[in-house]
Amino acid sequence: MTPDLTPENPVTPRSAHSPHWEFSRAEPVLVISDIHANWEALVAVLDATEGQWRHCICLGDVVGYGANPVECSLWVRDHCEIIVRGNHDRVAAHPEGLQDFNWLARRAVEWTREQLPPGMLEWIAALTPGPVDYQNCELVHGSIRDEDEYVLSLEQAADCLPLASSTVTFFGHTHVQGGYQSDANEVVALEGEISEHDARTLVQYVDIQLRPEARYLLNPGSVGQPRDGDWRAAFALWTGERLRLGRVPYNLPLTQRKILAAGLPAQLAQRLSAGQ
Ligand SMILES: [Fe+2]
């Protein structure tokens, strides 16, 4: 069946959220980011979370690096209520920004642009940069102040948290799962113990209890190219007061073979093994 590539408005939520939404009554949300055209990783996340979420939001970088930009874009377009533009999405649609990318990323963007039909490029070009409001939280790709900023330190988190207009801000871009909490003027990195590891599905969760009086910067990690030393696909399930940081293995050898078969740089396949 030929996919429908008609551009749609990706920003408007398909099911309007309640204006009376409360922190403790949120419906489960699957939060994904930095898929980077890795179809096997995306499918593994969807299999692992089947039946566990009502809404899906994406924090950008749907394309770039991986071998399946069309498949990943179609799924995100058709299933995510909100998609925030990532820097790789932006450059795929507007290649004049390519000079700021390193050669690996540039080669991936050039290849990606050759794969995407015109309608898909139009859809990507129409993605909205963050911050985007969603159900009493904010969504950004990099940081609240700059979509290209990598928030990787307590100092950066301390600078950004006062700029947040919501209790919870979700961000991506770093490909590092985790986050920061601000409470009584103290900013700390979130930590949690592994609370669930399914021996059959190999899905692992770290649960973090969120408190309405604190402020949070939360990163679901990268679906398709984790850089936190763990090669498994990363995602988050959020239900207002509870954040579940999930990891799930995917068919990495197949993903690597597809990258090589596409003629993309071998480094893009190799780095996936190390989660870097
Ligand atoms: Fe990314």
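Analyst: Two strands count as paired if DSSP finds at least two bridges between them. The model is a predicted one.

User: In what order do the six strands of the open sheet lie?
Analyst: The sheet is open and its pairing is mixed. From one strand to the next, the twist averages 20°. The order of the six strands is 4-5-6-11-7-8.

User: Which are the edge strands?
Analyst: An edge strand here pairs on one side only. That applies to strand 4 (132-134) and strand 8 (186-189).

User: Which residue in strand 8 is the bridge partner of Asp 183?
Analyst: Strand 7 (residues 178-183) and strand 8 run antiparallel, joined by four bridges. In strand 8, Asp 183 has as its bridge partner Glu 186.

User: Why do the buried residues of helix 8 lie on the same side?
Analyst: In helix 8 (residues 266-274), the buried residues are Leu 268, Ala 269 and Leu 272. They are on the same side of helix 8 because the arc they cover around the axis is only 100°.

User: Which exposed residues does the face turned away from the buried side of helix 8 carry?
Analyst: The buried residues of helix 8 have a cover that includes helix 4 (103-115) and helix 7 (252-261). The face turned away from that buried side carries the exposed residues Ala 266, Gln 267, Ser 273 and Ala 274.

User: Is the phi of the residue that follows helix 8 positive or negative?
Analyst: The residue that follows helix 8 is Gly 275.

Definitions and conventions: Residues are numbered from 1 along each chain as its sequence is written. This is a predicted model: local features need pLDDT of at least 70, side-chain atom pairs count only at pLDDT 80 or more; totals for chains, interfaces and linings use all residues. A residue is buried if 20 or more other C-beta atoms lie within 10 Å of its own, exposed if 12 or fewer, and partly exposed in between; C-beta atoms are placed from the backbone. Helices (H or I, at least four residues) and strands (E, at least two) are DSSP runs, numbered from the N terminus. The arc is that of the directions from the helix axis to the C-beta atoms. Two residues are in contact if their C-beta atoms, placed from the backbone, lie within 7 Å. Axes are lines fitted to C-alpha atoms, for helices over the stretch in contact, and angles run from 0 to 180 degrees between N-to-C directions.
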